[in-house]
Amino acid sequence: MLKSDNIPTVSKRIEAVQSVKGTRDLMPPETSVWQRVEEEARRVLRAYAFREIRTPILESTALFARSVGEDTDIVSKEMYTFQDRDNESLTLRPEATASAVRAYIEHRLFNEGGLQKLYYMGPMFRRERPQKGRYRQFYQIGAEALGSDHPAIDVESMEMLVLLLEQLSVQEFTLLLNSVGCPRCRPEYLKVLRHALEDVRANLCRDCQRRAVTNPLRVLDCKVEADQPIIEQLPRMADYLCPECRQHFEAVKDGLESRRIDYRQAPRLVRGLDYYTRTTFEITCSALGAQNAVLGGGRYDGLSEMLGGPPAPGFGFAIGEDRLALVVMDSIAKQLELGPLAYVAWIGEAALGSAENLARALRRQGISVEISHQPMKLKKSLGTASKLAARFAIIIGEGELESGRYQVKDMTTGQQTEIETNQIERYLQQNSARAI
Ligand code: ATP
Ligand code: MG
């Protein structure tokens with residue numbers, strides 16, 4: 001209970017509480033773009049037989065320490081971790097692949113046999129330096145296919161992503177592809193990499209000087225500009241793949257080529273998480289500027305076992321929804337219909353009943369309609385319709401009531417048409433090319 005003397009007395013104005021740094025409110029009309037992205041993602045994911053999973057935002061800290069890896073940026077400095085009242089260490093999830101695999105094990109989905117294809121969407125939390133396209137609460141749409149190491153799974157997932165981007169009219173993007181090998185061939189590469197790093201270590205950034213010792217693969221993922229020329233010269237994993245990994249990588253590349261999916265090999269693409277094996281990939285969009293990775297993913301054949309489950313090779317990806325929405329915003333901004341499809345403008349109390357009936361009938365058909373609850377003159381009513389950015393105004397006055405034909409005004413062209421009451425719905429549907 002708050003005691004009244006604990007409440008500060010305010011003389012002038014109370015300072016407004018602001019949203020937390022790195023978080024933001026998604027407001028209309030931006031939320032329309034997000035809805036469009038999510039609807040299209042669900043449609044495409046369903047078409048590829050993925051089913052939705054919803055896991056908690058709170059997880060045991062150990063889940064990420066064991067999967068993402070202790071020496072990744074995410075675990076070592078970006079997680080929102082706290083001790084719960086019973087001293088259990090909890091973390092706001094920084095990503096959801098680990099959660100999906102935990103749920104796969106916890107619900108024994110492996111007993112169902114075959115491939116389990118799951119997708120999720122929701123907020124993730126990383127304490128990064130906020131900038132355009134990088135937030136502390138951000139959103140991902142991700143999918144995981146568990147139970148097979150077949151390269152066709154990798155190819156099919158990338159095909160699906162390209163389709164999604166095309167459906168969203170995203171024009172310019174690049175698919176970057178690499179293989180990071182497996183626990184059999186990677187140690188040999190790491191030995192060579194460590195050795196090469198000894199010579200150049202002193203010239204790298206502070207983080208990389210540490211990584212060179214603790215987790216040399218992470219050096220390849222460094223974003224510091226000055227380190228890039230040095231990183232370019234380091235040995236490549238592709239030259240150290242074991243025959244099985246090499247064959248797998250070739251099969252993925254062949255699969256992409258036979259489906260005419262363009263890609264570029266990116267020998268340093270290791271991604272920021274430790275659990276990846278074999279295929280890693282990323283899709284970048286130049287329109288995004290510095291934070292240009294719109295999505296990323298790859299294969300994680302050992303993750304289930306790392307989390308105490310049975311062997312269950314997997315492939316997955318996460319789309320950065322904030323970044324995808326930014327790209328899509330540009331491409332569909334012009335098609336965006338921000339207001340209701342129709343505004344019902346009734347003139348005179350006698351028209352109110354008919355106006356309300358029409359609004360209800362249209363709304364039952366899923367048509368977005370706004371109606372005034374106050375009597376207004378025609379001019380003010382049309383002014384409201386245009387302020388709301390309604391596509392059409394339906395005018396119902398005394399004359400319209402008598403004739404049973406309403407005036408439908410196209411607010412973009414100003415053209416007015418008389419329509420039979422029972423034809424209005426059809427007219428609206430036919431005359432509006434709505435993207436959303
Ligand atoms: P980046 O290289 O941009 O830091 P990442 O390698 O950390 O990305 P993943 O962990 O693989 O990214 O997450 C997949 C996608 O999620 C990224 O491609 C990006 O679009 C998005 N993403 C990651 N971190 C953030 C963030 N802090 N804010 C917004 N989007 C993010
Ligand atoms: Mg990152």
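I take contact to mean heavy atoms within 4.5 Å, and helices (H or I, at least four residues) and strands (E, at least two) as DSSP runs numbered from the N terminus. The model is predicted: local features need pLDDT of at least 70 and side-chain atom pairs count only at pLDDT 80 or more, while totals for chains, interfaces and linings use all residues. Residues are numbered from 1 along each chain as its sequence is written, chains are lettered from A and ligands numbered from 1 in the order in which they are written, and side-chain values use heavy atoms, with hydrogens and water left out.

**Helix 4**

I looked up burial (under 20% relative accessible area, 1.4 Å probe, protein chains only). Nine of the 10 residues of helix 4 (97-106) are buried, so the helix is largely enclosed by the rest of the structure. Among them are Thr97, Arg102 and Tyr104. I found the buried residues packing against strand 2 (58-60), helix 2 (61-67), strand 5 (116-125), strand 6 and helix 10 (303-306). Just after helix 4, Arg108 has a positive phi of about 50°.

**Domains**

I noted domain 1 (30-182 + 241-333), domain 2 (186-235) and domain 3 (342-431), with bounds from an automatic or database domain assignment. The C-alpha centres of domains 1 and 3 are 46 Å apart.

**Cores**

I used nonpolar core for a set of buried Ala, Val, Leu, Ile, Met, Phe, Trp, Tyr and Cys residues joined through side-chain atoms within 4.5 Å. The largest has 93 residues, and Leu45, Phe281 and Leu324 touch the most other members. Helix 5 (151-167) gives the most to this core, with eight residues. Domain 1 and domain 2 both give residues to the core, so it lies between them. A second, separate core of 21 residues includes Leu341, Leu358, Ile371 and Ile419.

I then checked Leu324: leaving aside neighbours within four places in sequence, Leu324 contacts Val37, Leu165, Leu168, Val170, Val294 and Ile319.

**Ligand 1**

I counted a residue as near if one of its heavy atoms lies within 4 Å. There are 16 residues around ligand 1, of which Arg126, Glu128, Lys223, Arg271 and Ala293 come nearest. Strand 6 (137-146), strand 10 (293-299) and strand 11 (314-320) each supply at least two residues of the shell; strand 10 gives the most, with four.

For polar contacts I took pairs of N or O atoms within 3.5 Å. Oxygen atoms of ligand 1 lie 2.9 Å from an N or O atom in the side chain of Arg134, 3.0 Å from one in Gln140 and 2.9 Å from a polar side-chain atom of Arg323. The protein covers 94% of the 580 Å² of accessible area that ligand 1 has on its own (Shrake-Rupley method, 1.4 Å probe).

Key: Buried means under 20% relative accessible area, exposed over 50%, partly exposed in between (1.4 Å probe, protein chains only). A polar contact is a pair of N or O atoms within 3.5 Å; within protein, one must be able to donate a hydrogen and the other to accept it, and residues adjacent in sequence count only if both atoms are side-chain atoms.
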